[in-house]
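Colleague: Could you walk me through this model? I'd like to start with the pocket.

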Amino acid sequence: MENYFEILKKCRVFTGLDRDDIKHLTEIMNSKIIKYSKGDVIFSEGEKPEHIGVVLHGHAQIERTDYYGNRSIVAVLEPSEVFGEAFVCAGIKSIPVDVVALDETVVMLLGLPDIPPENTDLYNRFILNLLRTSSVKNLVLMKRLEVTSKRSTEEKLMTFLMQTAKEQGKSSFRIAYDRQQLADYLEVDRSGLSAVIGKLKKNGKIKCCKDLFELL
């Protein structure tokens, strides 16, 4: 854990906790650190949710696959980000998504103890942080719903780009997705997305090169 303390300190579930507190919590939650290669499945749809994950190194992706095999991206996870907490806390029988490593990724897995630990104050602070983390994620999901609820590919793309520009406070910005990932996030066909990007460039509404976009 010592090698990743700076990352853990940035993690929302450990907000306000010092090194000793974090070390104690990870011990009572039976933490384990696991390395994954690109493409490895960290959490698989259908398995029982037993752990909360924290990305320590690399990147992971939360994916949802529908009945027909169409994939959509729920979120891309960066170091210090938490995942799986909603499934564990909700007590559902199976995980409804896949979590996949996008590159060489290191993850800490934490289990919630069945019996509250002796240091109740420390554990309660962790639970409060966990609640705040879930609340922030709900806001992120609301933003994505604003995008995917649009009718056309152009509307979805422009809504996403305007959201990103507003968040970064500038008209020129980079996005976290390649073309296929962006299509999956928007829940549209990749070829249709490419056609819309070409149209918007031709009409002078955007400029783009790979992951760099500019609103005109």
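Modeller: The largest pocket has a volume of about 1,200 Å³. A pocket here is an open set of points on a 1 Å grid over the protein atoms alone, where a 1.4 Å probe fits, with protein on both sides within 12 Å along at least five of seven lines. The volume is the space filled by probe spheres set on the points, which are joined across faces, edges and corners.

Colleague: Which residues are closest to its centre?

Modeller: Val74, Ala75, Val76, Glu81 and Val140, out of 41 lining residues; lining means having an atom within 4 Å of a point. This is a predicted model, where local features need pLDDT of at least 70 and side-chain atom pairs count only at pLDDT 80 or more, while totals for chains, interfaces and linings use all residues. Residues are numbered from 1 along each chain as its sequence is written, and side-chain values use heavy atoms, with hydrogens and water left out.

Colleague: What gives the largest share of the lining?

Modeller: α4, with eleven residues. Helices (H or I, at least four residues) and strands (E, at least two) are DSSP runs, numbered from the N terminus.

Colleague: Now Glu63. Buried or exposed?

Modeller: Buried, at a relative accessible area of 10%. The cut-offs are under 20% for buried and over 50% for exposed, with partly exposed in between (1.4 Å probe, protein chains only). Glu63 is in strand β4, residues 60–65.

Colleague: What is Glu63 in contact with?

Modeller: Beyond neighbours within four places in sequence, Arg71, Ser72, Val97, Asp98 and Val100, where contact means heavy atoms within 4.5 Å.

Colleague: Last one: which side chains of β10 are buried?

Modeller: Ile206 and Cys208, which point to one face. β10 forms a hairpin with β11, with two residues between them, and the two strands pair in the antiparallel sense over four bridges. Pairing requires that DSSP finds at least two bridges.
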